[in-house]
Amino acid sequence: MNRLNIILATVASVTVVGTLGAAAFVYSGAYNIGADDPHSKATYAVLEVLRKRSIHAHASAITVPDLSDPQLILKGAGQYAAMCTECHLKPGQKDSELRPGLYPQPPNLSQTRVDPAQAFWVIKHGIKMSAMPAWGGSHDDMTIWSMVAFLQKLPELTPASYKAMVAQAPPDEDMDPDMDMGDGRDPKGH
Ligand code: HEC
């Protein structure tokens, strides 16, 4: 064998051994998939870049509509109160029963301003291997834009102005009928 062939044979056998080793590790069950066992710093850093770059690339062609319509923002307030606060909190709320156990941790959207196109994409498609659901299966684009419109206002709201906004939100078919709207009404306005 000449030198090149020796190098190629070595690369090939290292690749085979590496692939078999990886397969054996996956199959053995040694990996701890528990949400209470954090990633190593390096793995976490790679996943962060993967998430950010993926969202950035997928959201880049989205055209953001006018989000200033007060009715749209109110609709989003109702959606947010019904479906998002357990994970993303609301003004004045420090924690929920669900949040401490989530990994990765959901951002506190009552204190974080999100880019509208990226928020739309994430809400519609969700994020794999995290608790963030894809809401696009059960909500049309305009409803998702209403949530995005509301998210633009949310970091400025006080607990009282948040409550007032949610109380004014239009009733929604997919809200839990037992949900407390903060003013004694149920979500259907009764
Ligand atoms: C069961 C928990 C859960 C629920 C319910 C949930 N999310 Fe999330 N969401 C997450 C998690 C976890 C992340 C972060 C994922 C990650 O970092 O990989 C996230 C990320 C996001 C982001 C991206 C934020 C950023 O900084 O890039 C937006 C926007 C978002 N969620 C909006 C919503 C909206 C709106 C709702 C309600 C319709 C909602 N989420 C409901 C868990 C949840």
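Visitor: Which residues come nearest the ligand?

Guide: This is a predicted model. In it, C84, C87, P106, S130 and M132 come nearest, out of 24 residues around the ligand.

Visitor: Which elements give two or more residues to that shell?

Guide: Those are α3, residues 70-83, then α4, residues 85-88, and α5.

Visitor: And what's the shell made of, by class?

Guide: The shell around the ligand has 18 nonpolar residues, along with four polar and two charged ones.

Visitor: You mentioned α5. How do α5 and α6 cross?

Guide: Helix α5 covers residues 116-125 and helix α6 covers residues 141-153. Their axes come within 9 Å and cross at roughly 135°.

Visitor: What do you call that arrangement?

Guide: At that angle, α5 and α6 are therefore oblique to each other. The crossing of the two helices is right-handed.

Visitor: Which residues make the contact?

Guide: On the α5 side they are P116, A119, F120, I123 and K124. The α6 side contributes I144, W145, M147, V148, L151 and Q152. Sorted by class, the residues of this contact of α5 with α6 are nine nonpolar, one polar and one charged.

Visitor: What about α3 and α6, how do they pack?

Guide: The angle between α3 and α6 is about 95°, and their axes are 7 Å apart. The two helices are therefore roughly perpendicular to each other.

Visitor: Which residues are in the contact there?

Guide: From α3 come L72, I73, K75, G76, A77, Q79 and Y80. From α6 come T143, W145, S146, M147, A149, F150 and K153. The contact of α3 with α6 has eight nonpolar, four polar and two charged residues.

Visitor: Back to α5. At what angle does it pack with α2?

Guide: Helix α2, residues 41-59, packs with α5 at an angle of about 105°, and the axes are 9 Å apart. α2 and α5 are therefore roughly perpendicular to each other.

Visitor: Who makes that contact?

Guide: I55, H56, H58 and A59 of α2 meet A117, Q118, W121 and V122 of α5. The contact of α2 with α5 divides into five nonpolar and three polar residues, with no charged ones.

Visitor: Switching to the backbone. Where is the cis peptide bond?

Guide: The cis bond joins Y103 and P104, with omega about 5°. P104 is in the loop between α4 and α5.

Visitor: What is the phi of L89?

Guide: L89 has a positive phi of about 65°, although L89 is not a glycine. L89 is also found in the loop between α4 and α5.

Visitor: Last topic, the domains. What are their bounds?

Guide: The domain assignment of the protein gives domain 1 as 1-31 and domain 2 as 41-168.

Visitor: How many Å separate their centres?

Guide: The centres of domain 1 and domain 2, taken over C-alpha atoms, are separated by 43 Å.

Notes: Residues numbered from 1 in each chain as written. Predicted model: local features only at pLDDT ≥ 70, side-chain atom pairs only at ≥ 80, totals over all residues. Domains from an automatic or database assignment. Axes fitted to C-alpha atoms, helices over the stretch in contact; angles between N-to-C directions. Helix = DSSP H or I, 4+ residues; strand = E, 2+ residues; numbered from the N terminus. Parallel < 35°, antiparallel > 145°, perpendicular 65-115°, else oblique. Left-handed = near helix turned anticlockwise from the far one by under 90°. Contact = placed C-beta atoms within 7 Å. Nonpolar A, V, L, I, M, F, W, Y, C, P; charged D, E, K, R; others polar. Near = placed C-beta within 6 Å.
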